[in-house]
Amino acid sequence: MTLKDMLSQEAVTCTLQAKNKEEALEKLTKLLAKNGCVSDRQLVLAELKNREERASTAISGGVALPHCSSSGVTKPCMAFAVCQEGLDFGAVGGELTRIFALALSPETKGSEYLNTVVALIDKLRIRSIREKILACRTDGELYDRLMCYNNTKVDMDQVRRVLAELIER
């Protein structure tokens, strides 16, 4: 599964406006509900909030990767957004989050989508890539930038390391 398999242009925005974590999650799930990937938005939202209560999915560099498997999801999918002002998403040290990648999968699909998520995390750890993403001024430009990372190969040791880091949070 590649990023292109999970991310449609309609699920990308460079102008996310949200006051808090809950509103950001609502807007991200709404993007996916529009393109048919989410059949029960309220269920998915509740599961995402529950996941965030256990541990924030914000990582260093102003990036958050909220994710879950849910019966309210029809196929593995992703929404991607930039919030230029940044918002408190519970990052260690209080750093504001500006880049959001929401990843969802049906419960029946297990973790097949995680390789794609880990490859994206790996790219988002690189400052120059984050800067290029933040510099995008249109949704189309942001989508095209993300597609540059579509065929990134994933090292399974890297997958295990990143997953262990996320579980520790």
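Select E22 to begin: at 41% relative accessibility, E22 counts as partly exposed. Here buried means under 20% relative accessible area, exposed means over 50%, and partly exposed lies in between (1.4 Å probe, protein chains only). This is a predicted model, in which local features need pLDDT of at least 70 and side-chain atom pairs count only at pLDDT 80 or more, while totals for chains, interfaces and linings use all residues. Residues are numbered from 1 along each chain as its sequence is written, and side-chain values use heavy atoms, with hydrogens and water left out.

**Salt bridges**

A salt bridge is a side-chain nitrogen of Lys or Arg within 4 Å of a carboxyl oxygen of Asp or Glu. Helices (H or I, at least four residues) and strands (E, at least two) are DSSP runs, numbered from the N terminus. K49 is partly exposed, with a relative accessible area of 25%.

How many salt bridges does the structure hold? There are three.

Next select K21 and E52, whose side chains meet in a salt bridge at 3.1 Å, N to O. This pair also links distant parts of the chain: K21 belongs to helix 2 (residues 21–34) and E52 to helix 3 (residues 41–54), 31 residues apart. E52 counts as buried, at 6% relative accessibility.

Now select K27 and E23. They form a salt bridge in which the closest N and O atoms are 3.3 Å apart. Because K27 and E23 are four residues apart in helix 2, about one helical turn separates them. K27 counts as partly exposed at 33% relative accessibility, whereas E23 is buried, with a relative accessible area of 18%.

**Along helix 2**

Which residues of helix 2 are buried? They are K21, E23, A24, L25, L28, T29, L31 and L32. Show their surroundings: the buried residues of helix 2 pack against strand 1 (7–13), helix 3, strand 5 (77–87) and strand 6 (97–106). Contact here means heavy atoms within 4.5 Å.

Go to N20, which caps the N-terminal end of helix 2: a side-chain oxygen lies 3.2 Å from the backbone nitrogen of E22. A polar contact is a pair of N or O atoms within 3.5 Å; within protein, one must be able to donate a hydrogen and the other to accept it, and residues adjacent in sequence count only if both atoms are side-chain atoms. Then select G36, which follows helix 2 and has a positive phi, near 85°.

**Aromatic rings**

Select F89 and F100. The search of the whole structure finds one aromatic pair. F89 and F100 form this pair, which is edge-to-face, with 5.2 Å centre to centre and 70° between the planes. Rings of Phe, Tyr and Trp (its six-membered ring) pair if their centres lie within 6.5 Å; planes under 30 degrees apart count as stacked, over 60 as edge-to-face and the rest as tilted. F89 lies in the loop between strand 5 and strand 6, and F100 lies in strand 6, so the pair ties together parts that are 11 residues apart in sequence. Buried or exposed? Both F89 and F100 are buried.

K21 lies over the face of F89, at 4.9 Å from the ring centre. A charge sits over a ring if NZ of Lys or CZ of Arg is within 6 Å of the ring centre and within 35 degrees of the ring normal.

**S56**

S56 is buried, with a relative accessible area of 14%. Its side chain reaches the backbone oxygen of F89 at 2.6 Å, and a polar atom of the S56 side chain lies 3.1 Å from the backbone nitrogen of A58.

Select D5 in helix 1 (residues 3–6). D5 is exposed, with a relative accessible area of 51%. The D5 side chain reaches the backbone nitrogen of T2 at 2.8 Å.

Finish at helix 4 (residues 114–124), where eight of the 11 residues are buried, so this helix is largely enclosed by the rest of the structure. Among them are L114, V117 and L124.
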